Amino acid sequence: MEDYIVRMEHISKSFPGVKALDDVPLDLKSGEVLALLGENGAGKSTLMKILAGIYTRDAGDIFIFGEKKDTWNAKIAKENGIAIIHQELNMCQHLTVAENMFLGREPGKAFLLNRGDMNKEAAKVLDNLHVDISPKALVGSLPVSKQQMVEIAKALSVNAKILIMDEPTSALSSKEIDDLFVIIRQLRAEGCGIIYISHRLEELSHIVDRVSIMRDGRFISSGSFSDYTMDSIISDMVGREIKEKFPHVDCKAGKTILEVRHLNAGRMVRDISFSVREGEIVGIAGLMGAGRTETTRAIFGIDQKESGEIFVDGREVRIRKPSDAIKNGIVLAPEDRKKDGLCTKLPVQHNISLPNLDLISDKAGKVIRRKENTMTEKAIDDFSIKVSDPGVAVQNLSGGNQQKVVVAKWLSRKSRIVIFDEPTRGIDVAAKVEIYNIMNQLKKDGIGVLFVSSEMPEVLGVSDRILVMCDGRITGELSREEATQEKVLTLATQFEKKIETKGEENGTEH
Ligand SMILES: Nc1ncnc2c1ncn2[C@@H]1O[C@H](COP(=O)(O)OP(=O)(O)OP(=O)(O)O)[C@@H](O)[C@H]1O
Ligand SMILES: [Mg+2]
């Protein structure tokens, strides 16, 4: 048994109103990647926070390198070589990249922080990850994907022997994911044990040796990855089979609902023109940084437009701020749930009712509680949000369930156009299907759906038509029938021709 570097037995943990973990085991060997899988709210993050000493367990035993650990907290866990990359970004926005990486353990003598060394050390780790970020950049100025890379770099800089990665790739581009996989394989070869949590099941085959599956706070099964199939993993996670992963309904496309003409807003939104018709879901595909989120933000009035027109149901609308968009029937479920989408300290109920106060208030502007309750109950029910009580603060929900709240709050009001920006990020397989079904229902109800997604199978499976963006422009449009992964990728990498400086490109790569 000595080869187990982590052994957890009979772990239980309750929060008010929920038994998050019930008699759960987990083992990890050195030099292996263990995938910890389960639906949203299954208890994965809770189990990992117990291993990292952040939460205390109610019951159960923890053995690290064969030694039983009775007193266990975050400090001791760190001293035992455990590092955790959290699911929710945990960065101090107003500090630099290097400061975040070395927070609490700055190099140099006591109280004397050697900034030069710190920046140099940070640059080394970032370089290893092939990330092009300055150690001196303010974290708050970076996009989510870069912040995620900093979080990863932070964990790697402590030379962990046991590394926990809770959804590290949900905000990364495919290139960044590839780089991360190289690092994971390298760490594994050096004998590090890695626990890997992800809802992107298709990436498991690249790195995973063993899987352990949980459901509703209980252990379901565990074994070598090669003994499982994708279907057996899903049925262990969900407790049933999922026949159709990308349900699609055929509707006849009707009249145009949204039309965008020659929209310009900064470098990432250049001369964007497209339309969405009744009865169709229009996907926007592209690589990370192609300008998809910026386009949705410009339409919704978060970012200023420089020029261009927007028509809803044939009528030109002026959108200077989000409330103008909402008034004209456009809603947006944004990409960055923590920053733009949720007030995490407020209860689920208020998060859902806040953007909809006009619908649940009387003439004097006073909220009618009965209406608020009905609205939240319906949303919780429609989206199967796992929460013991609508009064629970959003920050206590599992990551995927927080994402469901973002989508639910915007669908609680009638609209003409719903824009989803990466709506299924961090959401489990079964809940993804629920979100696709909701999109399909909107489409059947004659609402226009615009759907930004980085997951290729999802865009191809769900959209009726796909716009592909690259470098702030639309580089092509594909119908559902003609769209393939290759065609989308070709368009997604159609960069404008740069003026080449002869000969200088040679020899720099490989
Ligand atoms: N601090 C907390 N206070 C109250 N309840 C909590 C807290 N942390 C987690 N929970 C609850 O414990 C259960 C398990 O949550 P956990 O975050 O471990 O799920 P998960 O498997 O990581 O899900 P996801 O895939 O969505 O991230 C959920 O019902 C969640 O609401
Ligand atoms: Mg989680």
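This is a predicted model: local features need pLDDT of at least 70, side-chain atom pairs count only at pLDDT 80 or more; totals for chains, interfaces and linings use all residues.
Residues are numbered from 1 along each chain as its sequence is written, while chains are lettered from A and ligands numbered from 1 in the order in which they are written.

**Exercise 1. Work out how many helices and strands the protein chain has, and how its radius of gyration compares with the globule rule.**

Step 1. Helices (H or I, at least four residues) and strands (E, at least two) are DSSP runs, numbered from the N terminus. The protein chain has 18 helices and 20 strands.

Step 2. The radius of gyration is taken over C-alpha atoms, and the globule rule is 2.2 Å times the number of residues to the power 0.38. For 510 residues the rule gives 24 Å, and the chain's radius of gyration is 24 Å, so the chain is as compact as a globular protein of that length.

Step 3. Along the principal axes, the C-alpha atoms fill a box of roughly 70 × 70 × 50 Å.

**Exercise 2. Find which strands stand at the edges of the open sheet of 4 strands.**

Step 1. Two strands pair if DSSP finds at least two bridges between them. The order is E2-E1-E4-E5, with antiparallel pairing.

Step 2. The edges are E2 (18–29) and E5 (67–68); each has a single partner strand, so one side of each is left without a neighbour in the sheet.

Step 3. Now look at the bridges. E1 (residues 4–15) is joined to E4 (residues 59–64) by 5 of them. Val6 has Ile64 in E4 as its bridge partner, and Ser12 has Ala59 in E4.

Step 4. E4 and E5 pair over 2 bridges, with Phe63 opposite Lys68 in E5. Their hairpin has 2 residues between the strands, and Phe65 takes a positive phi near 50° there.

**Exercise 3. Describe the open sheet of 6 strands and the helices that pack on it.**

Step 1. The order is E6-E7-E8-E3-E9-E10, and the pairing is mixed. E6 (82–85) and E10 (218–224) stand at the edges.

Step 2. E3 (residues 33–37) and E8 (residues 193–197) pair in the parallel sense over 3 bridges. Ala35 stands opposite Tyr196 in E8.

Step 3. Two residues are in contact if their C-beta atoms, placed from the backbone, lie within 7 Å. Axes are lines fitted to C-alpha atoms, for helices over the stretch in contact, and angles run from 0 to 180 degrees between N-to-C directions. H1 touches E3, E6, E7, E8 and E9, and its direction makes about 150° with that of E7. H8 (residues 230–238) touches E3, E9 and E10, at about 30° to E9.

**Exercise 4. Locate the largest nonpolar core.**

Step 1. A nonpolar core is a set of buried Ala, Val, Leu, Ile, Met, Phe, Trp, Tyr and Cys residues joined through C-beta atoms within 7 Å. A residue is buried if 20 or more other C-beta atoms lie within 10 Å of its own, exposed if 12 or fewer, and partly exposed in between, with C-beta atoms placed from the backbone.

Step 2. This core has 71 residues, and Ile417 is among those touching the most other members. Helix H15 (residues 399–411) gives the most, with 6 residues.

Step 3. Domain bounds come from an automatic or database domain assignment. Domain 2 (242–329 + 416–497) and domain 3 (337–413) both give residues, so the core lies between them.
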